[in-house]
Amino acid sequence: HIPLLEYAVAVAFAVNLPESLDAHREWYPAKADMYSDEVRSYLEVGALRPARQYIRAQRIRAAIARSWIEATRHVDVVTAPTLPCVAPLSTDTVVALPQGDVPVVPALLGLNVPASIIGLPAMSVPCQRSGDQMPVGLQIIGRHYGESAVLHVGSAVERLVASPRLPLDCRLS
């Protein structure tokens, strides 16, 4: 158990949306028509976040990082599923999980956001196919500056399971 990890997705949205808006300040809103509806809506939400939410999220982010580092201090890498389900169709709005239907975006981010907000090196390796032939990914998360261990373990997993590659567009419709 890693304390506060359940807040990782909320922290990611509270931090990433305002930072994304700032990163696009040269082009947005002046060239808003060049952005997809989804990206525009995320940037607009980023503009509406109060500074106090951003600051509180940064504090929680730091606490999550401390908790993670403490919980994993005796390991080189952590392995976990990349997603809680097989890849959904691009038209799906929810995914069915054991605890019930969950909106696609939070479901797909939940397991890989922690490494991202903490700044840890991570990769996903396809390790087998599910019953409907979609790949199941194994996420490998390392320590800060532990990229070589992540790559080493990822390479070993790829050699051991030799999961065949699927075409990139296999689930677009």
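The expected span of a helix is 1.5 Å times one less than its number of residues. I keep in mind that this model is predicted.

**Helix 3**

I looked up helix 3, residues 51-71. I find 21 residues in helix 3 and a reach of 30 Å from the first C-alpha to the last. That is close to the 30 Å expected at 1.5 Å a residue.

Next I asked which residues of helix 3 are buried. I noted Ala57, Ala63, Ile64, Ala65, Ser67 and Trp68. I then traced what the buried residues of helix 3 pack against. Two helices are on my list, helix 1 (8-23) and helix 5 (113-118). Strand 1 (77-81) and strand 5 (135-142) are on it too.

**Serine 124**

I moved to serine 124, which sits in strand 4 (residues 122-129). Outside the four places in sequence on either side, I find serine 124 in contact with Thr82, Gly137, Leu138 and Gln139. I also checked aspartate 37, 87 residues away along the chain. The C-alpha atoms of serine 124 and aspartate 37 are 28 Å apart.

**Threonine 82**

I followed the side chain of serine 124 to that of threonine 82, where a polar contact of 2.6 Å joins the two. I place threonine 82 in the loop between strand 1 and strand 2 (94-97). I count threonine 82 as buried because its relative accessibility is 12%, under the 20% cut-off. Beyond four places in sequence, I see threonine 82 touch Leu111, Asn112, Ser124, Gly137, Leu138 and Gln139.

Definitions and conventions: Residues numbered from 1 in each chain as written. Predicted model: local features only at pLDDT ≥ 70, side-chain atom pairs only at ≥ 80, totals over all residues. Heavy atoms only, no water. Helix = DSSP H or I, 4+ residues; strand = E, 2+ residues; numbered from the N terminus. Buried < 20%, exposed > 50% of the residue type's maximum accessible area, 1.4 Å probe, protein only. Contact = heavy atoms within 4.5 Å. Polar contact = N/O pair within 3.5 Å; in protein donor to acceptor, adjacent residues only side chain to side chain.
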